[in-house]
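We will go stop by stop.

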Amino acid sequence: MQSEERELKLSEGGGEQLEKRVLDIVSAAGEAGVLQRDIWRILNIDSRKGSKIIKRLERMGLISREVVVHKGRKVYLIKATPKLRQIPKLPSELDEIPCFYCPLLPVCFAGDLARILTCEKLNRWLLDSYLPPRA
Ligand code: SF4
């Protein structure tokens, strides 16, 4: 169970930001999907780094990847899965709140209080966001 939870979480640090940006691009593409190489171009990342992110998000069940022929060449088309589509889209001001991009949100939202109270990611964000009252 623990390894499954670890697998479901977005990466930490810079990797997490890139994963969020990939998910934003794929979500914005809607039903039509987006070519994998266009994601690399938009994010200005190389295919090696990008492929790792795509494979990870695919394993998490957030995106699907299919081979299509585009301009005579085989390329990957990336689409949002129902799991990604059910994650609520929120204003960018809320980007810092980890829960809104967490695949475990439906589990916590359903009332898993123990998970919420022991969540390192949420507690770290709360501590980092805390502003002491003015004297
Ligand atoms: S508390 Fe938030 S960040 Fe932590 S597992 Fe639940 S939804 Fe994810």
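Leaving aside its neighbours within four places in sequence, which residues is Val34 in contact with? Select Val34 and look around it. The contacts are Ile25, Val26, Ala29, Ile39 and Ile78. Keep in mind that this is a predicted model.

**The whole chain**

Zoom out. Trace them from the N terminus: the order is α-α-β-α-α-β-β-α-α-α-α. Buried residues make up 10% of the 135 residues in the chain. Now consider contacts between residues at least 6 apart in sequence: 45% of them join residues at least 24 apart.

**The sheet**

Select the three strands. They form an open sheet in the order S1-S3-S2, with antiparallel pairing. S1 and S2 are the edge strands, and each pairs on one side only.

Start with S1, residues 34-35. Two bridges join S1 to S3. Here Val34 returns, with Ile78 in S3 as its bridge partner.

Move to S2, residues 63-70. Eight bridges join S2 to S3, and these two strands run antiparallel. Pick out two positions along this pairing. Ser64 stands opposite Lys79 in S3. Val67 stands opposite Tyr76 in S3.

Next, go to the turn of the hairpin. Two residues lie between S2 and S3, and Lys71 takes a positive phi near 55°.

**The helix across the sheet**

Show H4 together with S2 and S3. H4 lies across both strands and runs at about 125° to S2.

**The core**

Which residues make up the largest nonpolar core? Select these 12: Val22, Leu23, Val26, Val34, Ile39, Ile53, Ile54, Leu57, Leu62, Ile63, Ile78 and Ala80. Helix H2 (14-29), helix H4 (47-59) and strand S3 (73-80) each give two or more residues to this core. Val34 and its bridge partner Ile78 both belong to the core.

**The ligand**

The residues around the ligand are Pro98, Cys99, Cys102, Leu104, Leu105, Cys108, Arg115, Ile116, Cys119, Lys121 and Leu122. Colour this shell by residue type. Nine are nonpolar, none is polar and two are charged. Which helices each supply at least two residues of the shell? They are H6 (105-109), H7 (113-117) and H8 (120-129).

Note on methods:
Residues are numbered from 1 along each chain as its sequence is written. This is a predicted model: local features need pLDDT of at least 70, side-chain atom pairs count only at pLDDT 80 or more; totals for chains, interfaces and linings use all residues. A nonpolar core is a set of buried Ala, Val, Leu, Ile, Met, Phe, Trp, Tyr and Cys residues joined through C-beta atoms within 7 Å. A residue is buried if 20 or more other C-beta atoms lie within 10 Å of its own, exposed if 12 or fewer, and partly exposed in between; C-beta atoms are placed from the backbone. Helices (H or I, at least four residues) and strands (E, at least two) are DSSP runs, numbered from the N terminus. Two residues are in contact if their C-beta atoms, placed from the backbone, lie within 7 Å. Two strands pair if DSSP finds at least two bridges between them. A residue is near a molecule or strand if its C-beta atom, placed from the backbone, lies within 6 Å of it. Ala, Val, Leu, Ile, Met, Phe, Trp, Tyr, Cys and Pro count as nonpolar, Asp, Glu, Lys and Arg as charged, and the others, Gly among them, as polar. Axes are lines fitted to C-alpha atoms, for helices over the stretch in contact, and angles run from 0 to 180 degrees between N-to-C directions.
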